Amino acid sequence: MKSLIVLCISISTLACAEPNYATKDKSRPLAQSNPVSENCGAVFKNSNNCLNWRVEQEPTQDQMGSFTFTLSHNPLGSIKVVLWMPSMGHGSSPVKVEQLGDRQYRASQVYFSMPGKWQIRFQIKDNNQVLDEAVIEVEI
Ligand SMILES: [Cu+2]
């Protein structure tokens, strides 16, 4: 994993969706474990909307984190971000999502309540119905 990150950075940060914070944190980087397709960090299943994200503030056990993300197309609903731990079937505290601009968003108050494998689930919602979803898997 470490050599992959170094390789990605030496080639180009644009060609690789590996978030650049991974190199900054010496102790335990929040490593993305799912394969990245093309230049998308994740793809929404139904709409093929391409999502890319960048960590602003890496979440720790003491501090909430934040990241920004962009979509390739305008979503047909509101955006929600859910932190989910699939192996144990629980989530974490709610993530705040604000729109920064055209197809640009910030997710803040990001907090993983325990170490392990988590999913960051990006959901496009119409009222309470999930129309589409993109998932990024991370290890905390
Ligand atoms: Cu758990």
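This is a predicted model: local features need pLDDT of at least 70, side-chain atom pairs count only at pLDDT 80 or more; totals for chains, interfaces and linings use all residues.
User: What makes up the secondary structure of the protein?

Analyst: The protein has two helices and ten strands, and along the sequence they follow the pattern α-α-β-β-β-β-β-β-β-β-β-β. These elements are DSSP runs numbered from the N terminus, helices being H or I runs of at least four residues and strands being E runs of at least two.

User: Which residues count as donors to the copper ion?

Analyst: Donors are N, O and S atoms within 2.8 Å of the metal (3.2 Å for Na, K and Ca), and since water is not among the atoms, sites may look incomplete. The copper ion is coordinated at 2.0 to 2.4 Å by Met 85 (SD), Met 88 (SD), His 90 (NE2) and Met 114 (SD), and in sequence these donor residues are spaced M-x2-M-x1-H-x23-M. Met 88 lies in the loop between β5 (78-85) and β6 (90-91) and Met 114 in the loop between β8 (104-110) and β9 (117-126), so this pair ties together parts that are 26 residues apart in sequence.

User: Why is the arrangement around the copper ion called tetrahedral?

Analyst: Four donors count as tetrahedral if all angles lie between 85 and 135 degrees, four count as square planar and six as octahedral if opposite donors are over 155 degrees apart and all others between 65 and 115, and anything else is irregular. Here the four donor atoms subtend angles of 101 to 128°, which makes the arrangement tetrahedral.

User: Are Met 88 and Met 114 buried, partly exposed or exposed, and how do you know?

Analyst: Buried means under 20% relative accessible area, exposed over 50%, and partly exposed in between (1.4 Å probe, protein chains only). Met 88 has 49% relative accessibility and therefore counts as partly exposed, and Met 114, at 27%, also counts as partly exposed. Of the 140 residues in the protein, 37% are buried.

User: How do you know that Cys 40 and Cys 50 form a disulfide?

Analyst: A disulfide is a pair of cysteine sulfur atoms within 2.5 Å, and the S to S distance between Cys 40 and Cys 50 is 2.0 Å. Cys 40 lies in the loop between β1 (31-32) and β2 (42-43) and Cys 50 in strand β3, ten residues apart, and the pair links distant parts of the chain. A search of the whole structure finds one disulfide.

User: What makes this disulfide left-handed, and are its cysteines buried or exposed?

Analyst: The torsion about the S-S bond of Cys 40 and Cys 50 is about -125°, so the disulfide is left-handed. Cys 40 has 12% relative accessibility and so counts as buried, and Cys 50, at 15%, counts as buried too.

User: What is meant by the nonpolar core, and which residues have the most contacts inside it?

Analyst: A nonpolar core is a set of buried Ala, Val, Leu, Ile, Met, Phe, Trp, Tyr and Cys residues joined through side-chain atoms within 4.5 Å. The largest has 24 residues, and those with the most contacts inside it are Leu 51, Trp 53, Phe 67, Phe 69, Ile 120 and Phe 122. The elements giving two or more residues to this core are β3 (50-57), β4 (65-71), β5, β8, β9 and β10 (129-139).

User: How do you know that β8 pairs with β4 and with β7?

Analyst: Two strands pair if DSSP finds at least two bridges between them. β4 and β8 pair in the antiparallel sense over five bridges, and so do β7 (residues 96-101) and β8. Tyr 105 in β8 is the bridge partner of Phe 69 and also that of Gln 99.

User: Which strands are the edges of the open sheet?

Analyst: Five strands form the open sheet in the order β2-β3-β4-β8-β7, with antiparallel pairing. The edge strands are β2 and β7, as each pairs on one side only.

Definitions and conventions:
Residues are numbered from 1 along each chain as its sequence is written. Side-chain values use heavy atoms; hydrogens and water are left out.
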